[in-house]
Amino acid sequence: MLKISLAALAFCASTGALAAPAGNERPTLNQDALQKCKPAWPKEALRQELTGTVSVALLIDVDGSVVANEVRKSSGHALLDEAARTGLISCQFKPGRVDGVPARVWAKIQYQWTLEIDTDTPTPAQLTQQLAAQYRDAALAGNRDALLAIAQVYAKDTPHEAATPAQMRQAYAQSPAAAQFELGRRLFLGQGAPGDPGEAWTWFHASAEAGFAPAQRELGWLYDTGNGVERNAGLAITWYQKAAEQGDHVAENSLGVIYHYALGVPRDYALAASWYRKAAASGSHWAQANLGRLALHGNGMEKNPAEALRWLRLAAGSNNHAAEGDLALMYFLGIGVPADDAQGIAYLRKAAEGGDQPSQFRLSLALAHGARMPVDLAESIYWQRKLGEQGHRSGQNSLGYSYEIGRGVAQDYPSAREWYELAVAQGSGNAAAALGSMFEEGRGVKEDLAKAVELYQTAITHNNADGMARMAALHEAGRAVEKDQAAARALYERAAALDNETAMRRLAAAYEQGDWGMAPDPAQAKVWRDKADRRASRKTDPFTL
């Protein structure tokens, strides 16, 4: 990188009256004064990396001002010579004296223009930020020229450079806040500007404070998702509401989602439905799909299959794939429509192929277990892998299980472990329990009971029944944990309440045999045995509400 260096190498003054030295003084120019009138490096000279030393003669008046100057010795480059000559005109000298009296005196000064390597010099990105900073305050205040200038600085040498002026002028014609929003959008997406979510927030906030609804909605989304800022449901709601008050239907739907899924606030289906209705009435297909789901499940309202069908069909008509997935459920289960597996499969496939992950997961399970369609393990693996590669934790867990047991793929413990670990990292209790069993039993890994216990505890924090049953067995046997029959019984009961067959059968045996200090109770044993048998006979069905 280059460092610009401009230095006065020598300075002297001359006049005929200076022959008698007593009371004579040369004009002087200290470094502070020089910095105020230091010549600017010509951009073209800098681009060409021109260097050299120039000598300039200056006529200094009795008040220290420069009244004339001329180049006495060229640097070899006219650009540098002229920059030095014109730049020094504004210098203010301490005037020379002749016989103790201020006098007009010619002086000569040499300047050296040099370019040096300097690792402390800002990078091109830093230089861009420094240049942009010159316009920042004025642009934040809504100044048109500053907004255009800062956008052009950011867009330089990008594919968006040529189109930027017209695009920013068009945005500004709408309002200064719209132009600020456009600049924030560019910074956030890294399109026509360096990707910088933090700086993008600054521009979104300025635009939102000025009342621009899209910026208010965007700020709401940033706080809602924690994208570039700390997640804050209260601020998300505040900004979404400001946008919604201006009729922004995306913000209305987003407010519904926050209350529907309890995203940082207590769940409130009724309030979610009220926001969805506002957006749905204006044609928001996401609000229509969400409102249809509430009506289908009876959340925040009475179950209303006809209402659900109406909203879901409207949303599906706009290619909303989540709505297609819910319509598949309605046809599979005969809710609000005659049961029709063929129609259900058609909607399910359309939703899955459109990218709806819940539908992709249901389809993978249906193909693996032959639920309402023929078994097709190869296609099931295709959907499991697609989900896993998208970071879907249930898809990752399913693929891990397929590798563990060799279902649809060759049995491969290392691959099973890899997919389980990815799912565990995303909070899958199922994967934590499954991976724990591999470490407990030494399947594909070195036996490690401490690791197994750690994973079972992780599974239990996610309310996973299999993890509870496996930890209960360790407590019962005193393996890697304290032998504790009371803790074992409590965990088995929790797991059984979550429909875990293993826990049910152990409880049945305990009541039959009088384990854990209990009196034998054949009747209670039969209750648990019957529950376990019913669970065992129940086939996997991914199509339930």
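**Figure 1. Salt bridges in the predicted model.** The count comes to 30 salt bridges, a salt bridge being a side-chain nitrogen of Lys or Arg within 4 Å of a carboxyl oxygen of Asp or Glu. The model is predicted, so local features need pLDDT of at least 70 and side-chain atom pairs count only at pLDDT 80 or more, while totals for chains, interfaces and linings use all residues. Residues are numbered from 1 along each chain as its sequence is written, and side-chain values use heavy atoms, with hydrogens and water left out.

**Figure 2. Salt bridge R185 to E182 within helix α7.** The two side chains meet with an N to O distance of 2.9 Å. Both residues belong to helix α7 (residues 176-189) and are three residues apart, about one turn of the helix; helices are DSSP runs of H or I with at least four residues, numbered from the N terminus. R185 is partly exposed, with a relative accessible area of 29%, whereas E182 is buried at 14%. Buried means under 20% relative accessible area, exposed over 50%, and partly exposed in between, using a 1.4 Å probe and protein chains only.

Figure 3. R293 counts as partly exposed at 23% relative accessibility, while D326 is buried at 3%.

**Figure 4. Salt bridge E512 to R529 between helices α25 and α26.** The closest N and O atoms are 3.5 Å apart. E512 is in α25 (residues 501-513) and R529 in α26 (residues 522-537), so parts 17 residues apart in sequence are tied together by the pair. Both count as partly exposed, E512 at 38% relative accessibility and R529 at 33%.

**Figure 5. Crossing of helices α12 and α13.** The axes of α12 (residues 269-281) and α13 (residues 285-297) come within 8 Å and cross at roughly 140°. Axes are lines fitted to C-alpha atoms, for helices over the stretch in contact, and angles run from 0 to 180 degrees between N-to-C directions. The crossing is left-handed, meaning that the near helix is turned anticlockwise from the far one by less than a right angle. Y269, A272, A273, Y276, R277, A279 and A280 in α12 meet A287, Q288, N290, L291 and L294 in α13, where contact means heavy atoms within 4.5 Å.

Key
Helix = DSSP H or I, 4+ residues; strand = E, 2+ residues; numbered from the N terminus.
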